[in-house]
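Welcome, and do keep the viewer open while you read.

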Amino acid sequence: MLTISLTHYVILSALLFSIGLFGVITKRNAVAVLICIEIMLNAVNINLVAFSKYITPIDFTGQIFSLFVITVAAAEVGIGLAIIIAIYRNKLSVNLDDFDLLKW
Amino acid sequence: METSIYSVIAFYLLAITIVGNAALVVFAKNIVHSVLFLAVTFISMAGLFLLLDADFIAAIQVLVYAGAVCIMVVFGIMLIQAPDMKGTNLFNTQLFAGGGVVALVFAMCAILAGRTAWTDLVATQAVPENTIQVIGTLLMSKYVIPFEVVAILLLVALVGAIVIARDDAGTVAVDEGVKANAHD
């Protein structure tokens, strides 16, 4: 039968999370890594809202939790961009391969 | 649960849009194009939240992600990138190793999601029609302490971002560096 079950949402979320993780591992630009982290957080939000609909429809636990995730993600983007701007000021680059100050 | 054919079609259309645009975010060579595809991903994700009976989350998704986060990232790019945006978003040398690891992660998640018996857990009730009312009451009663903590977190993030990004004395050095880069 042609219905959309919880499994569909979980697999979509896993696929989106994998795309974000791939970007985090393989991108060279620090801003690109930041937006890939956003994709990963959004994948988690899909999971939370889907579980909220299918398993606890009355309690709204997942929806409230995803609201908090959205807030923390917004704060994370602000701080992340500020850090990238501060690093750019010192090294004049946003290439993550240049940020090897801790390597010895 | 709703079994309407329209919701099935809407799910697949939204899923294809989301995954395709997320892939374009990763594979685009220009970082500004990446952010534009990211905005499309976020808006179609809001459509998916509507499909999941979460209209308030969908509205917040459009406001915060498509509105604020994308614009903020574009501002950041404009502050730090060279005038020429070509090839600003390339891959590093770990392309195939990263791809292998990520394929393993996805395969594991998909297999586990397929093998879990979700049907035992699924509740029979439907989500209430008026979600905003319930969420507002819950945020101000049961979840009031996390709500206030998140408010403090936002304040700290605001002040912290300003403190980190502000330059105290380095303006002259940066201007010289940018000029030197422009001459190259």
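## A residue in a loop

Where in chain B is Asp167(B) found? Asp167(B) sits in the loop that lies between α6 (144–165) and α7 (171–183) of chain B. Please bear in mind that this is a predicted model.

Is Asp167(B) buried, partly exposed or exposed? Asp167(B) counts as partly exposed, because it has 13 C-beta neighbours inside 10 Å, while a buried residue would need 20 or more and an exposed one 12 or fewer.

## Chain B as a whole

Chain B has seven helices and zero strands, so its elements, from the N terminus on, read α-α-α-α-α-α-α. Of its 184 residues, 21% count as buried. Among contacts in chain B with a separation of 6 or more, 61% are between residues 24 or more positions apart.

## A helix pair in chain B

Let us look at α2(B) and α3(B). Their axes come within 8 Å and cross at roughly 175 degrees. The two helices are therefore roughly antiparallel to each other, since the angle is over 145 degrees.

On α2(B), the residues making the contact include Ile31(B), Val35(B), Phe42(B) and Phe49(B); on α3(B) they include Asp55(B), Gln61(B), Tyr65(B) and Val73(B). By type, the residues of this contact divide into 20 nonpolar, one polar and one charged.

## The largest nonpolar core

The largest nonpolar core holds 60 residues. Those touching the most other members are Leu16(A), Val31(A), Ile35(A), Ile46(A), Phe49(B) and Val73(B). At least two core residues each come from α1 (6–26), α2 (30–54) and α3 (61–91) of chain A, and from α1 (5–27), α2 (31–51) and α3 (55–80) of chain B. The largest share, 14 residues, is supplied by α2(A).

## Where the chains meet

How many residues of chain A are in contact with chain B? There are 64 of them, in contact with 77 residues of chain B. On the chain A side, α1, α2 and α3 are the elements that give two or more residues, and α3(A) gives the largest share, 21 residues. That side of chain A divides into 44 nonpolar, 14 polar and six charged residues.

Technical notes: Residues are numbered from 1 along each chain as its sequence is written. Chains are lettered from A and ligands numbered from 1 in the order in which they are written. This is a predicted model: local features need pLDDT of at least 70, side-chain atom pairs count only at pLDDT 80 or more; totals for chains, interfaces and linings use all residues. A nonpolar core is a set of buried Ala, Val, Leu, Ile, Met, Phe, Trp, Tyr and Cys residues joined through C-beta atoms within 7 Å. Helices (H or I, at least four residues) and strands (E, at least two) are DSSP runs, numbered from the N terminus. Two residues are in contact if their C-beta atoms, placed from the backbone, lie within 7 Å. Ala, Val, Leu, Ile, Met, Phe, Trp, Tyr, Cys and Pro count as nonpolar, Asp, Glu, Lys and Arg as charged, and the others, Gly among them, as polar. Axes are lines fitted to C-alpha atoms, for helices over the stretch in contact, and angles run from 0 to 180 degrees between N-to-C directions. Angles under 35 degrees count as roughly parallel, over 145 as roughly antiparallel, 65 to 115 as roughly perpendicular and the rest as oblique.
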